[in-house]
Amino acid sequence: MFYLSGSMYASDSCLYRVEERLKSIQPLREDSVLILSGQEKVDSCISQVLSIPQHTLFDECVSNLSRDASFIMVADVDKLAQNLGAYKNYLPAFIYDHVELFRSFILSVQITNVNNKLSHIFVFTYKE
């Protein structure tokens with residue numbers, strides 16, 4: 001497993017635009033792909049996963065994210081690679097452009113607004 005994280009300060013207008021874009025993302029739940037936007041939806045989803053007695057590796061990746069996040073995405077990159085064009089708007093360019101390097105991972109992403117800064121975390125969990 002490895003992590004990439006950071007934060008960025010954005011002016012109020014920029015922060016507002018990013019948050020509005022995050023809010024407009026439609027929820028997506030498929031086999032091995034979960035994309036949610038909105039703190040209430042994220043909190044509800046993580047609570048639901050935590051209540052399940054037996055967890056898959058995918059479930060563990062979901063349950064390790066913050067319930068305070070504004071946006072989460074958990075995806076088996078191999079699944080994304082099978083129909084990469086459908087997920088282009090959700091993936092950072094470095095993953096999209098080099099998806100073959102990441103196929104053996106489950107990607108977990110969270111974005112959280114902390115003190116008017118957007119904090120982002122990418123976690124790559126090796127599936128084997």
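Predicted model: local features only at pLDDT ≥ 70, side-chain atom pairs only at ≥ 80, totals over all residues.
The chain has five helices and six strands, and from the N terminus on they follow the order β-α-β-β-α-α-β-α-α-β-β. Of its 128 residues, 38% are buried.

**The chain as a whole**

- Strand β5 covers residues 105-114 and strand β6 covers residues 117-126; the two pair in the antiparallel sense over ten bridges.
- To find your way along this pairing, look for isoleucine 106, which stands opposite threonine 125 in β6.
- Two residues sit between the strands of this hairpin, where asparagine 115 takes a positive phi near 50°.
- Serine 108 lies in strand β5, and it is buried because its relative accessibility of 2% is under the 20% cut-off.
- Leaving aside neighbours within four places in sequence, serine 108 touches residues including Cys61, Leu65 and Met73, as well as Ile121 and Phe122.

**Aromatic rings**

- The whole structure contains five aromatic pairs.
- One of these pairs joins phenylalanine 105 and phenylalanine 124 in an edge-to-face arrangement, with 6.1 Å centre to centre and 85° between the planes.
- Phenylalanine 105 belongs to strand β5 and phenylalanine 124 to strand β6, so their pair ties together parts that are 19 residues apart in sequence.
- Both phenylalanine 105 and phenylalanine 124 are buried.
- Look also for one aromatic cluster, formed by Phe94, Phe102, Phe105, Phe122, Phe124 and Tyr126.

**Salt bridges**

- Side chains of opposite charge can pair when their charged atoms come close.
- In this structure the count comes to four salt bridges.
- Aspartate 43 and arginine 67 meet in one of them, at 2.7 Å from N to O.
- That pair links distant parts of the chain, 24 residues apart: aspartate 43 is in helix α2 (residues 39-50), while arginine 67 is in the loop between α3 (57-63) and β4 (71-76).
- Aspartate 43 is partly exposed at 27% relative accessible area, and arginine 67 is partly exposed at 37%.
- Lysine 127 and aspartate 76 form another salt bridge, with their closest N and O atoms 2.8 Å apart.
- Since lysine 127 lies in the segment after β6 and aspartate 76 in strand β4, this pair ties together parts 51 residues apart in sequence.
- Here lysine 127 is partly exposed, with a relative accessible area of 27%, whereas aspartate 76 is buried, at 15%.
- Glutamate 100 and arginine 103 also form a salt bridge, their closest N and O atoms being 3.0 Å apart.
- Salt bridges that share partners join Asp78, Glu100 and Arg103 into one network.

**Cysteines and an exposed leucine**

- The structure holds zero disulfides.
- Cysteine 45 is buried, with a relative accessible area of 3%, and cysteine 61 is buried as well, at 6%.
- Leucine 101 sits in the loop between α5 (93-97) and β5, and it is exposed because its relative accessible area of 61% is over the 50% cut-off.
- Leucine 101 and valine 77 are 24 residues apart in sequence and 9.5 Å apart in space, C-alpha to C-alpha.

Conventions: Residues numbered from 1 in each chain as written. Heavy atoms only, no water. Pairing = 2+ DSSP bridges. Helix = DSSP H or I, 4+ residues; strand = E, 2+ residues; numbered from the N terminus. Buried < 20%, exposed > 50% of the residue type's maximum accessible area, 1.4 Å probe, protein only. Disulfide = S-S within 2.5 Å. Contact = heavy atoms within 4.5 Å. Phe/Tyr/Trp six-rings, centres within 6.5 Å; stacked < 30°, edge-to-face > 60°. Salt bridge = Lys/Arg side-chain N within 4 Å of Asp/Glu carboxyl O.
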